[in-house]
Amino acid sequence: MKRWVITAFLIIIFSLFNLKAYAHKHITEDTSTPLNAYCTSCKDKEVDVEAEIIEHFRKEPLPVSLDECIGVALLNNFNIKATYSDYISSKWDYRNALAQFLPDVTFQAYSIYYKGQVLVGGVVPDEVKELAISGTMHVTHDLTKGGEQIFEAKAQKFKARANLNNLDFTKDEIILETAKKYYELLKAKISIEIQLKNLYERTAQLKLTQNLMEAGLGTKFDVIRSKSEQALAEQSLISYMETFRSAQAQLANVMGIDVSTAVYPIEIEMQPFILVDENLSPDELFKIAKFSRDDIKTLENQIKTMKQEKYKVYTEFVPKPRILYQGQFQGTARVGVYGNNVVGAYLDVPIGSRLGVGTVTKANSVQARIESAKYKLQQLLRDIEQNIISDYYSAELLKERIEIAKRQLNYATESVKLAELRLDAGEGILIDVIQAQGIKNNARIELLNTIVEYNVNQIQLLYDNGTISYDNIVKNYKP
């Protein structure tokens with residue numbers, strides 16, 4: 001009995017060995033490649049992302065780098081241009097306010113020719129032929145209108161400063177937005193490369209399952225499942241293609257160039273960049289922000305503007321002296337021209353608008369706007385501090401996540417190699433390779449997303465503390 005059992009066991013083992021050898025021989029003879037070549041052929045196949053994108057969209061790409069995109073955006077962005085025009089307008093308003101300190105000068109002249117008969121004394125007619133000449137020059141000076149012109153000039157000065165700060169802040173916003181859009185586009189590009197490789201692997205997997213089924217070692221279920229996974233890979237690729245094209249349009253828009261321009265990041269891989277001094281604490285970063293943020297300066301100058309407007313309202317109670325000079329000459333062409341001069345001084349003593357009630361109500365309205373602006377300033381400072389704290393600790397955690405993601409990718413890469421070796425040696429199964437490749441693709445995507453988050457976080461921290469600039473962003477940038 002024991003001999004029969006041992007003999008049967010040896011026959012089964014021998015049959016399985018021959019079956020595996022037959023499968024390996026059948027596929028090798030059919031394809032002239034090793035068994036796992038279908039799963040690993042993508043290693044030798046270069047992934048040409050640019051060619052795939054050109055073929056997909058049929059539009060020649062424009063290679064760009066981060067520094068180029070920021071430089072173009074600072075020159076062409078329409079929000080910057082609009083804010084700059086507002087600043088120029090406020091500069092002219094300030095100069096107009098200074099011009100009000102100059103005297104108002106006018107000159108009038110006329111000449112009339114008389115010809116005909118007139119009655120002298122109401123009785124004797126007389127023949128008249130005269131050319132009458134008259135000219136008058138008026139010079140008036142309001143002497144600051146009781147201080148109204150002084151406060152108006154100061155208000156316009158602070159308004160111009162506020163608009164200048166707003167212009168600088170708009171530039172900071174555009175730098176931040178351009179960098180974010182660039183990294184989103186770069187992430188989409190690298191994701192397409194990952195998805196292309198995934199599609200190659202799924203296509204190789206389908207080919208292998210079809211050959212196994214033909215050899216009698218696979219099932220139709222395996223083939224259908226492989227087709228489903230290949231279709232899913234195609235869907236993922238198309239989805240990232242759509243994301244990429246949308247990101248192209250968004251980046252081109254913020255750069256101020258033709259929105260249809262197919263901008264294309266030149267980087268092949270994503271690297272983390274440290275832009276903020278890691279030795280600075282959140283409190284130190286907040287102190288820097290209070291002196292550097294242009295939106296804070298804008299609001300502070302707006303408050304100063306409103307204070308001057310309030311003082312200007314109260315000048316409605318202030319006496320307003322003014323002086324007048326008038327020089328006049330009159331005569332005719334026959335007898336000559338004779339001049340006279342008049343100098344006058346005037347003093348208006350108002351009691352305010354509408355018995356003073358109008359003045360007080362206007363002043364109270366301005367004061368309420370001042371209080372509102374002060375509350376907004378306090379809230380802005382609190383929001384800035386909150387963002388700095390949040391982004392500061394996010395940077396710390398993102399650095400740890402990057403290291404973990406790198407280890408995860410290394411483990412996933414080794415797992416794929418081992419799964420392929422086991423499959424080639426006949427000790428593993430195809431599903432192990434498929435799962436290992438899927439884990440590796442996910443690990444690459446996770447590492448990519450984490451690096452993008454970290455780089456954007458560093459730019460956001462520069463923005464938070466008011467030190468964002470073209471130079472600070474590109475100092476460690478090496479595409």
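Reader: Quick one on Lys399. What is its relative accessible area?
Author: Lys399 has a relative accessible area of 28%, so Lys399 counts as partly exposed. Keep in mind that this is a predicted model.

Reader: Which residue does Lys399 form a salt bridge with?
Author: Glu396. The closest N and O atoms are 3.9 Å apart.

Reader: Is Glu396 buried or partly exposed?
Author: Partly exposed, at 30% relative accessible area.

Reader: How many salt bridges in the whole structure?
Author: A search finds 15. One of them joins Arg444 and Glu269, with 3.6 Å between the closest N and O atoms.

Reader: Which parts of the chain does that pair link?
Author: Distant ones, 175 residues apart. Arg444 is in helix α11, residues 430–464. Glu269 is in the loop between β4 (263–265) and α8 (282–292).

Reader: Arg444 first. Buried or exposed?
Author: Buried, since its relative accessibility is 17% and the cut-off for buried is under 20%. Glu269 is partly exposed, at 44%.

Reader: Which residues are linked with Arg444 in a network?
Author: Glu193 and Glu269. Salt bridges link these two and Arg444 in a network.

Reader: What about Glu309 and Arg369?
Author: Their side chains meet in a salt bridge, 3.7 Å from N to O. Glu309 lies in helix α9 (residues 294–314) and Arg369 in helix α10 (residues 357–424), so the bridge ties together parts 60 residues apart in sequence.

Reader: How accessible is Glu309?
Author: Glu309 is partly exposed, at 28% relative accessibility. Arg369 is also partly exposed, at 39%.

Reader: Switching to the core. Which residues touch the most other members of the largest one?
Author: Tyr183 and Ile473. That nonpolar core holds 79 residues. Helix α6 (residues 148–214) gives the largest share, 17 residues.

Reader: What is Ile473 in contact with, leaving aside neighbours within four places in sequence?
Author: Leu66, Ile70, Ile175, Leu275, Ile459, Leu462 and Ile468.

Reader: Which residues are in the second core?
Author: Leu208, Leu212, Leu423 and Val433 are among them. This core is separate and has 9 residues.

Reader: Why would nonpolar side chains group like that?
Author: In soluble globular proteins, nonpolar side chains tend to be buried together.

Notes
Residues are numbered from 1 along each chain as its sequence is written. This is a predicted model: local features need pLDDT of at least 70, side-chain atom pairs count only at pLDDT 80 or more; totals for chains, interfaces and linings use all residues. Side-chain values use heavy atoms; hydrogens and water are left out. A salt bridge is a side-chain nitrogen of Lys or Arg within 4 Å of a carboxyl oxygen of Asp or Glu. Helices (H or I, at least four residues) and strands (E, at least two) are DSSP runs, numbered from the N terminus. Buried means under 20% relative accessible area, exposed over 50%, partly exposed in between (1.4 Å probe, protein chains only). A nonpolar core is a set of buried Ala, Val, Leu, Ile, Met, Phe, Trp, Tyr and Cys residues joined through side-chain atoms within 4.5 Å. Contact means heavy atoms within 4.5 Å.
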